[in-house]
Amino acid sequence: MSHAINFFVSSSSHSPATFTISRPSVFVSTGSLRVPVKKSLRSLVVKASAASDLDESQSSPVLVSENGSGGVLSSVTKEYGRNNAVAPSADSSSIEVDTVTEAELKENGFRSTRRTKLICTIGPATCGFEQLEALAVEGMNVARINMCHGTRDWHRMVIERVRRLNEEKGFAVAIMMDTEGSEIHMGDLGGASSAKAEDGEIWNFTVRAFDPPLPERTITVNYDGFAEDVKVGDDLLVDGGMVRFEVIEKIGPDVKCLCTDPGLLLPRANLTFWRDGKLVRERNAMLPTISSKDWLDIDFGIAEGVDFIAVSFVKSAEVIKHLKSYIKARARDGDIAVIAKIESIDSLRNLEEIIQASDGAMVARGDLGAQIPLEQVPSEQQKIVQLCRQLNRPVIVASQLLESMIEYPIPTRAEVADVSEAVRQRGDALMLSGESAMGQFPEKALTVLRTVSLRIERRWREQKRREVIELPSIASSFSDSISEEICNSAAKMANNLEVDALFVYTKNGHMASLLSRCRPDCPIFAFTTATSVRRRLNLQWGLMPFRLNYSDDMESNLNKTFSLLKARGMIKSGDLIIAVSDMLQSIQVMNVP
Ligand SMILES: Nc1ncnc2c1ncn2[C@@H]1O[C@H](COP(=O)(O)OP(=O)(O)OP(=O)(O)O)[C@@H](O)[C@H]1O
Ligand SMILES: CC(=O)C(=O)O
Ligand SMILES: [K+]
Ligand SMILES: [Mg+2]
């Protein structure tokens, strides 16, 4: 039983586009098995130029059910039967999906797969091959390396290990490189992992360079203009206030500071200075978003073929556009996605154009909370998440989700509530920072993210809660509009018909992202021919990316997919699916034969 809605768009600009719609049948539930009930099936052809103009004679010979004869399904069934007779499993190795998704599907079925994606920052606590493998098993979709820390050799080693893990163990973990950016930060504490600043102590913040070991109570600062820009009486905040100093004296390159809020200083911690209760942005506001060191790191990332580059302290859309054209000119397959980190006042000011210019955004709450009042961070998060969804860009919620798990094996109740809220807002991905980079319980922290995500997502589906977020049209061409309408309709149909899965055949991933944007109840199987597209889709809500070679012939693609997935026990006969594709703009509803 199969039904299709086809949109045939004429290549000639003069002739009207033609839409073919065949009515879906009604499905009734009998226990756990849904049985399609045939109603009178008719194909409708709608001309775009006159929507009311119906013509029953122009349905597709291949894909549209003709008056209930089940054009698609009957041929799918026949084809499938033929494939079966020949050798369905001989081909079964030619579909690539990561082992975690496969296991999840086999064990628990479609409904229970996790929709929210998980990112782990890799650091000393997790850079070993076994540690990386443990994170991958636990559900890490993306490994993040932060160029603020470690050497390029260290990062290369991590990338190689993740790649080896993918190749040898069948994972599909993507790699995100995060730039250092040129905001003001402390040096590396002369190699010490931390230093304790006590109340009333005088520390020297200096722009002088030292060979290790550093003199006692000395902090180097990366920004040359620091000593000139600060004034006696300014507050100096480390990591947004984890440790606080007051500037008491300036002597050339040295700035003597009195510790007023004691705490632990960590290497390369961010520094901000405040005057009369306001963040001071002197000449450092003119620092380039991408420093010369960042450009070298970006070259490194391009050479290593990372999947995402996250740009720290983005101020405007221009820098994102510049980086994207730089990557396009240099990257082999030109498709490294650029993620704009929203962590400064300027990035909030230019939010929409920044998100529009980028391939995704990160709510980098750590530094954001050091630049705006803390009580403003939650509403900014909500706003960014919503805007990204509207503009169809994946969004990551990052920093301090489970901060206490750096030291303790269980999170605080407040942290669990924070994670729940991010999942409820339906951000695409959650990110661990220190919890996985240098914490004592990286795997446990990831487990918390996974289980909380699963629970909130399930409750949401059970309660049939659909949020009332308006999704404006974002298409820039007629063809894009059709894709968008198809995806919106397919997602709605999927919810109404309670289908088991949406299938999307997408060469560049765009149709998959449009479906993800609708946040449908069922999972989205995204089939793409390119390994790099598959890895990038890892960041998007609800998408299960598969790599598969396919043709322009949807009928044979579906046959092949059913055959391959059935052979691996990932779908079964009777499962109800809706398929869309960006090659033939159509919606098909069918039971797996
Ligand atoms: N490659 C690394 N080597 C050593 N320590 C690391 C590394 N990556 C992260 N860390 C540690 O984990 C902490 C949290 O990581 P995270 O990536 O959030 O960095 P951050 O310094 O807070 O900066 P950012 O604002 O870019 O996130 C860091 O402060 C650092 O102590
Ligand atoms: C992730 C990051 O850069 C931040 O929260 O500041
Ligand atoms: K960074
Ligand atoms: Mg930051």
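Colleague: In this predicted model, how do the residues of the shell around ligand 1 divide into nonpolar, polar and charged?
Modeller: Of the 14 residues around ligand 1, those that come nearest are Arg 144, Asn 146, His 149, Asp 367 and Ser 433. Taken by class, the shell around ligand 1 divides into six nonpolar, five polar and three charged residues.

Colleague: Which side chain has a polar atom 2.8 Å from an oxygen atom of ligand 1?
Modeller: For Ser 433, an N or O atom of the side chain is 3.4 Å from an oxygen atom of ligand 1, and for Asp 367 the corresponding value is 2.9 Å. The polar side-chain atom that lies 2.8 Å from an oxygen atom of ligand 1 belongs to Asn 146.

Colleague: Which elements give two or more residues to the shell around ligand 1?
Modeller: Ligand 1 has 14 residues around it, and Arg 144 and Asn 146 are among those that come nearest. Strand E9 covers residues 142-146, and the elements that give two or more residues to this shell are E9 and helix H13 (434-437).

Colleague: Turning to the other ligand, which side chain has an N or O atom 2.8 Å from an oxygen atom of ligand 2?
Modeller: The residues around ligand 2 include Glu 343, Arg 365 and Asp 367. A polar backbone atom of Arg 365 is 3.5 Å from an oxygen atom of ligand 2, while an N or O atom in the side chain of Glu 343 is 3.0 Å from an oxygen atom of ligand 2. The side chain with an N or O atom at 2.8 Å is that of Asp 367.

Colleague: Which element gives the largest share of the shell around ligand 2?
Modeller: By class, this shell has three nonpolar, two polar and five charged residues. Strand E22 (360-364) and helix H10 (365-371) are the elements that give two or more residues to the shell. The largest share, three residues, comes from H10.

Colleague: Which residue in E22 stands opposite Lys 341?
Modeller: Eight strands close into a barrel with parallel pairing, in the order E8-E9-E10-E20-E21-E22-E23-E24, and the twist averages 25° from one strand to the next. Within that order, strand E21 (residues 337-342) pairs with E22 in the parallel sense over four bridges. The residue that stands opposite Lys 341 in E22 is Met 362.

Colleague: Why is one side of strand E13 and of strand E19 left without a neighbour in the sheet?
Modeller: Seven strands form an open sheet with mixed pairing, in the order E13-E12-E16-E15-E14-E18-E19. Strand E13 (218-220) and strand E19 (278-279) stand at its edges, so one side of each is left without a neighbour because each has a single partner strand.

Colleague: Which residue in E13 stands opposite Phe 205?
Modeller: Strand E12 (residues 202-206) and E13 run parallel and are joined by three bridges. In E13, the residue opposite Phe 205 is Ile 219.

Note on methods: Residues are numbered from 1 along each chain as its sequence is written. Chains are lettered from A and ligands numbered from 1 in the order in which they are written. This is a predicted model: local features need pLDDT of at least 70, side-chain atom pairs count only at pLDDT 80 or more; totals for chains, interfaces and linings use all residues. Side-chain values use heavy atoms; hydrogens and water are left out. A residue is near a molecule or strand if one of its heavy atoms lies within 4 Å of it. A polar contact is a pair of N or O atoms within 3.5 Å; within protein, one must be able to donate a hydrogen and the other to accept it, and residues adjacent in sequence count only if both atoms are side-chain atoms. Ala, Val, Leu, Ile, Met, Phe, Trp, Tyr, Cys and Pro count as nonpolar, Asp, Glu, Lys and Arg as charged, and the others, Gly among them, as polar. Two strands pair if DSSP finds at least two bridges between them. Axes are lines fitted to C-alpha atoms, for helices over the stretch in contact, and angles run from 0 to 180 degrees between N-to-C directions. Contact means heavy atoms within 4.5 Å.
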